[in-house]
Amino acid sequence: MPSDWSTQALQNAVNNGLLNGIDGKIAAGENLTRAQMAAIVTRAFGTNGKANISSFGDVNAGDWFYDAMASSVLMGAFQGDGVNLNPNANITRQEAFTVLARLFTLSGGDQSVLSSYTDGAQVADWAKDSMASMVAAGYVKGSDNMLNPLSSITRAEFAQVMDNLVKTYFADSRLNVNANGNAVLNKAGTLEGATISGDLIIGDGAAEGDVVLKDVTVSGRLLVRGGGTSTVTLEGNTTADSIGVNKPTGAVRVKNNTQKTVNVNALSDNVVLTGDFNEVNANASQGTVTLTGADVATMNVAGTSAKVVVSEKSTVETMNVQGSASGAAVSVQSGTTVNTMNTAASKAVVTVNGTVNTMSVAGSDTTVKAEEGAKIEKITTSAAKTTVSGKGSVANFEAAKGSSGADITTDGTKVVNNGTGNVTTGNDKVIASGSTGASKSDSTTPGGGGSTGGGDEGTPILPVSGVGVANLVDKDGAVTNIATNYSVNATRTVGQDYVNVAITASNVKYHTNANNMDGYWVGFSVVAPKDAAKFKVGFADTQEGAEGALANDADGTDLMLNIDGTATGGGEGKKGIAVYSSATADSPKTWVKLQWVNKEGVNVGDATLYKMDLSNVTVAPIGNFEDLKSVLTKGEKNYNISNVTLAGGVALSEAISVPPSKTLTVAKDSTLTGNETHKLTVDPDATVVVNGTVTGTIEGTSHTSKLVISEGGSYNNLPVGTYICKGTWVNVEDLKLQSVKTNFGEGVKAEVSGDGMSVVLSGTVPVDKLTYGRKKIFTNETIKLTVNGDEKKTAEFDLTYTAETGEFSTMSNTFEVDGTTYNVSVNNLFIAKTDVTPKARENGPAAPISDNNYNYKAAYGKAGVTFSGGINAISYTVDAAKLAGFCVPGYENDIKALTHKIGETNYLFVGIQFDTPDIAKNATQAMRYIDGKASTEEAFDLSVDGENAYKKNPMEYFTFGSYTVQEGDATTYAPVASTAKTYEVITYWMDNGGNILAVNFSTVNRTAPTNNN
């Protein structure tokens, strides 16, 4: 054991079971290998599970590190290069810190911290976020003002970083303990009365067991990497700054039994939440978050194709399906409620069996399915192609300005069309723009494509019987032993409407299936029930597509024989259906809707929806030209293979192309040989990765053709790097953006991303960049980018402005400079705001009582309304007792002055005045949005020369109560004070030319009524 800066960290590593030494020595100064790091991190997190790593050529079951490498792959620490895991290779500091950042879910660090080190520029682009996050959090400090990112990390250095990351390890249940720094609980059990001054990590070793945290105080994050569906439970006075759920495999349930609401970031698939939560963020792409008996204040859905299931009497106050969640699916099940739902994602699907009060749609191609039992009060769309269907109740539907192509086929919905073009409804009926009407149902069913190949609350995920592997056979008989380690695990999560079929297979060979289609086919089988004679089935790459395809399968198909391949000698074997998907397809058809039918054609039971999980399927590399040609050549037999790996030696006997969006990898120690005639062409958006050796010609066809030379790869003496074709192969490093500025002033920041090929715009846009046009919409000037300080290198494109939020977004996601296309996006780019102090209306005309100078302020006081506030905010409270004393005979004039009747209800209103700011003193018109909705259809006039405040300052009205009139011998009133609510108000001031002079964002807060009687 050395006696220096590393002594304590090394001793802690030994005491905590992380380091065992080498031949009786700690070997502090030796370089750490990937295998040694795998052993340390699996011990730290208590990982017991193991991935199947038999397909990697440089690990054998007898190696000392075999189990550690298998566990590290399962937990996401190492991934390999597709051929090798390189266990004996030294690991660099930037590689090690990237793995640790991934395991501890650290990201988003300020990358400017790297520039404070003399070698910060040496950090690779792919490692910058991780390195910055580790440095910014204080886990990595460097030496002599250097990070040494390219140097191999020593065992002592790694021990020090691990000691910085974790101070305490709990391997069993503990009572009344304290941890000064981050702590890891790496086994299932109970932690009670603990105080953690940092993060608490539930390690992978908790696996599928129960973890109970009782009266535990965590000053940082609670990071859940382990625990099962029976669950991670918070009890007593347990508190945490936030909860991050990032379990590498399988489902996990978090149950909050405390009286405190918490925030949750769901970063992995199959997260189940029970209890009270302040904010839930569903960030995992294609991940599922299920609420069972949960109350959530705000739920944000951000992951692409994310799925949210609201079940078991759960309620969500506000759900925001963000623009990044394209293809998201939300299910609001029977007995559950979502008060407000806002969807900005394109191609989102919302299925409602419960209650949604209001829904705002801003994403194109959104589908709302109001199933039987659904209750939706109002849907408002400002987007293109919104579809509403089903047997449930939708009371109101509004196609707002800017919307188009809406279709609604629910029965009896009141439709208001303020959009562009017609709103279509059942039986070819249309509701023209500017008109109102009622929707009708339509008996037609949407179709779809496909192809056939041959609860208990305490246990939310249950096994499903009757599902097994599908028989794998090459039609031509040329390929045998098609896959190894082939298995299927079928489960259903309580609250989900589908069966998850997890398929595991290794070294799947390229072969031809029974339908004469080439691919890496795997699948599952389902045994038919006793009375079934046929099946009807729908296949697709989406749930909706599978359901539509099933509707098109009118005739059905006879049961298949020997579906799992276990019968021999020509026997029938198990009867049912075998379903297949190509594991490397661009968009594999993994959704299957299955309906069994008896011999009379009558359905046997209900249709079942299945979803194949192919994440644990690995394919065998190709080793001959004929298979390579078959994979890459476009045609009916080719099933859109997206990733192809070559192994061994392959010689091109003719010219061949890598099709668009495909990737061809030449594996390590493998060769691809061609010449000027027999060359390899790379199509647009296609990639060739060279890990081995390529001789001959690789020719790109577009600036989006990509060539990657990896460490150890060889082609045409090109150094390691990524290249694109611009006539010849050009290193992407030479094309990277260094700096970008805009013509929108210093308030708008244009930040170049780490890869140098993207720009993110943020900040505040001056109001003079907006115009309120004759079409009653806000438009903006074109933004101009200047690249790398060169005034000759510029690009222009338009932004979209959303008046309801004050936020800008891009109309085009790319721009081009000197023939190179770069990405551009927007993140928190808002219009510049001006402060005002809202106040209660004082004097002004009251038309119902013919008083031109009515004292509103005095009337509010009589009615029990009091006000408080400041800059950009005002609150008012209603005293229910005073309101009852106000709504009596004798106050008729005051009651009339404050009343506005809507429908059959008499509402009492307060006027809130937004004084025109000095910079907008020449304003002649104003426009206001309340909670994202325009308060008037178009801008209203301001009389700047008027003597009275109400003429030159915008006024808006908010309810403070309502009443009913009871006629009899004497008129009496029955008042009701309005409940608490907060309104978001955006006000625009414009001149005659439509130029925006000022914008204000304020809140009007109506607090809960009091009763001071």
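Figure 1. Is Gly412 buried or exposed? With a relative accessibility of 55%, Gly412 counts as exposed. Look also for Ser441, which is 29 residues away from Gly412 along the chain. The C-alpha atoms of Gly412 and Ser441 are separated by 8.3 Å.

**Figure 2. Confidence along the chain.** Please keep in mind that this is a predicted model. The average pLDDT of the chain is 87, and 93% of the residues score at least 70. Residues 443-459 have a pLDDT below 50, and this stretch makes 40 contacts in the model beyond near neighbours in sequence. Residues 636-640 also have a pLDDT under 50. For residues 636-640 the model has 20 contacts beyond four places in sequence.

**Figure 3. Helices α1 and α6 crossing.** Here you can see helix α1 (residues 7-15) together with helix α6 (residues 155-165). Their axes come within 8 Å and cross at roughly 75°. An angle of 65 to 115 degrees counts as roughly perpendicular, and α1 and α6 are therefore roughly perpendicular to each other. Which residues of α1 and α6 meet? From α1 come Ala9, Leu10, Asn12 and Ala13, and from α6 come Arg155, Ala156, Ala159, Gln160 and Asp163. Sorted by class, this contact has 5 nonpolar, 2 polar and 2 charged residues.

Figure 4. In helix α3 (residues 66-74), the buried residues are Tyr66, Ala68, Met69, Ala70, Ser71 and Ser72. What do the buried residues of α3 pack against? They pack against α2 (34-45). Just after α3 comes Gly76, with a positive phi of about 85°. Asn84 can be found in the loop between α3 and α4 (93-103). Asn84 has a relative accessible area of 11%, so Asn84 is buried. Leaving aside neighbours within four places in sequence, Asn84 is in contact with Phe56, Gly57, Asp58 and Lys668.

Figure 5. The largest nonpolar core holds 72 residues, and Met299, Val301 and Met319 have the most contacts inside it. Which strand gives the largest share of this core? Strand β15 (residues 288-301) does, with 6 residues. Zoom in on Val301 and, apart from neighbours within four places in sequence, you will find contacts that include Ala282, Ala306, Val308, Met319 and Val321. A second, separate core has 66 residues, among them Val501, Ile563, Ala578 and Val694.

**Figure 6. Helix α7 and its cover.** In helix α7 (residues 543-552), the buried residues are Gln543, Gly545, Ala546, Gly548, Ala549 and Leu550. What covers these buried residues of α7? The cover includes β16 (307-311), β38 (534-540), β41 (591-597) and β42 (603-619).

**Figure 7. The loops on either side of β14.** Asn270 lies in the loop between β13 (262-266) and β14. Asn270 has a relative accessible area of 17%, and is therefore buried. Beyond neighbours within four places in sequence, Asn270 is in contact with Gly250, Ala251, Val252, Thr288, Thr493 and Gln496. Now turn to Gln286, whose place is in the loop between β14 (271-282) and β15. Gln286 has a phi near 60°, a positive value in a residue other than glycine.

Figure 8. Lys784 is part of strand β61 (residues 783-787). How exposed is Lys784, and what relative accessibility does Lys784 have? Lys784 counts as partly exposed, at 31% relative accessibility. Lys784 and Ala795 are 11 residues apart in sequence, and their C-alpha atoms are 5.8 Å apart in space. Not counting residues up to four places away in sequence, Lys784 touches Lys741, Thr742, Asn743, Thr794, Ala795 and Glu796. Asn828 belongs to strand β66 (residues 820-831). The phi of Asn828 is near 60°, a positive value in a residue other than glycine. With a relative accessibility of 45%, Asn828 counts as partly exposed.

Terms used. Residues numbered from 1 in each chain as written. Predicted model: local features only at pLDDT ≥ 70, side-chain atom pairs only at ≥ 80, totals over all residues. Heavy atoms only, no water. Axes fitted to C-alpha atoms, helices over the stretch in contact; angles between N-to-C directions. Helix = DSSP H or I, 4+ residues; strand = E, 2+ residues; numbered from the N terminus. Parallel < 35°, antiparallel > 145°, perpendicular 65-115°, else oblique. Contact = heavy atoms within 4.5 Å. Nonpolar A, V, L, I, M, F, W, Y, C, P; charged D, E, K, R; others polar. pLDDT = per-residue confidence, 0-100. Buried < 20%, exposed > 50% of the residue type's maximum accessible area, 1.4 Å probe, protein only. Core = buried A, V, L, I, M, F, W, Y, C linked by side-chain atoms within 4.5 Å.
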